[in-house]
Amino acid sequence: MGSKTRWLIDKSSDLNPRNIRVGMYAWVIQRLSGLYLVFFLLTHITAIAQASFGVTKGFQVTIFDALRNPFWAGGSATEIFDLIALGIIAYHGLNGIRIVFLDLGFGVRKHRVSFWLTMAVAIVVSAYIILLGLPMLPKVT
Amino acid sequence: MSMAQMRIWRSVVLWLLQRITAVLLVALLGLHLWASNFATNWAALFRAGVDVSILAFALFHGLNGVRTIVLDFGLGYQARRFVSVGLWMLGFVAFLFGMYGLWPLLFPS
């Protein structure tokens, strides 16, 4: 790293790994999961628009299938990636609720505790839906 | 109200709508998951209402989120307008496409 860009990872820089803590990771993961979900939403819309009229092939459908099953594995792999998507949605949604509370001024001093609390709730919610829905999830052919 | 003040208000309103749609989406997505996978006897009209609301709110929330991320990279005014207008157009097209997909649910034959 050149001397001009050295400040990026200096001891005082926010980008130095030693300065990246829970709140920053929560923010980065919130944005990455948000981008994933936008992609998921757009392909979900087009795949369902086509499926409603009996079209089951097309590049949007393929992308949607690939999002649900990135390695084109057979068996229960699709369900596993459905569940990962479910976990991503649970994370983004519940961390988003936490952000709304922080914006309203509740729990700013306890934001680290509330993050881990939120993660616990996300895991419980995901586990509940998984137990409820695992046998019923549709299969991608 | 001056042009600069209008721009500030627009940003504030978009920020507020981002939070409002976020809270609504959490509730609606629960209903959506339930209605699409588990429910057997749900009124079709209620399901359609939930799905149309999700379509509109999720597109707004998602694309406004993309706009937020892009704007965090510090673009100039022209580029910001370009991104915003482009995302609105993408959202409009995706909304029409989504309505096309929901049509059989909205008006079962």
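Keep in mind that the model is predicted.

Let's start inside chain B. The crossing of the two is right-handed. What kinds of residues make up that contact? By class, there are 19 nonpolar, three polar and four charged residues.

Now the contact between the chains. Chain A puts in 21 residues, and chain B puts in 21 residues. Take the chain A side. Helices α1 (22-52), α3 (77-104) and α4 (111-133) each supply at least two residues there. Which helix gives the most? That is α1(A), with eleven residues. Sorted by class, this side of chain A has 13 nonpolar, six polar and two charged residues.

Next, the cores. The largest nonpolar core has 15 residues. Inside this core, the residues with the most contacts are A:Ile45, B:Ile54, B:Ala58 and B:Leu59. α1 of chain A, with α2 and α3 of chain B, each supply at least two of the core residues. α2(B) gives the most, with seven.

Find A:Ile45 on the screen. Leaving out residues up to four places away in sequence, A:Ile45 touches B:Ala94, B:Phe97, B:Gly98 and B:Gly101.

One last stop. Apart from the 15-residue core lies another core, of six residues. Among them are A:Leu37, A:Phe40, A:Ala90 and A:Leu94.

Conventions:
Residues numbered from 1 in each chain as written. Chains lettered and ligands numbered in written order. Predicted model: local features only at pLDDT ≥ 70, side-chain atom pairs only at ≥ 80, totals over all residues. Left-handed = near helix turned anticlockwise from the far one by under 90°. Helix = DSSP H or I, 4+ residues; strand = E, 2+ residues; numbered from the N terminus. Nonpolar A, V, L, I, M, F, W, Y, C, P; charged D, E, K, R; others polar. Contact = placed C-beta atoms within 7 Å. Core = buried A, V, L, I, M, F, W, Y, C linked by C-beta atoms within 7 Å. Buried ≥ 20, exposed ≤ 12 C-beta atoms within 10 Å, placed from the backbone.
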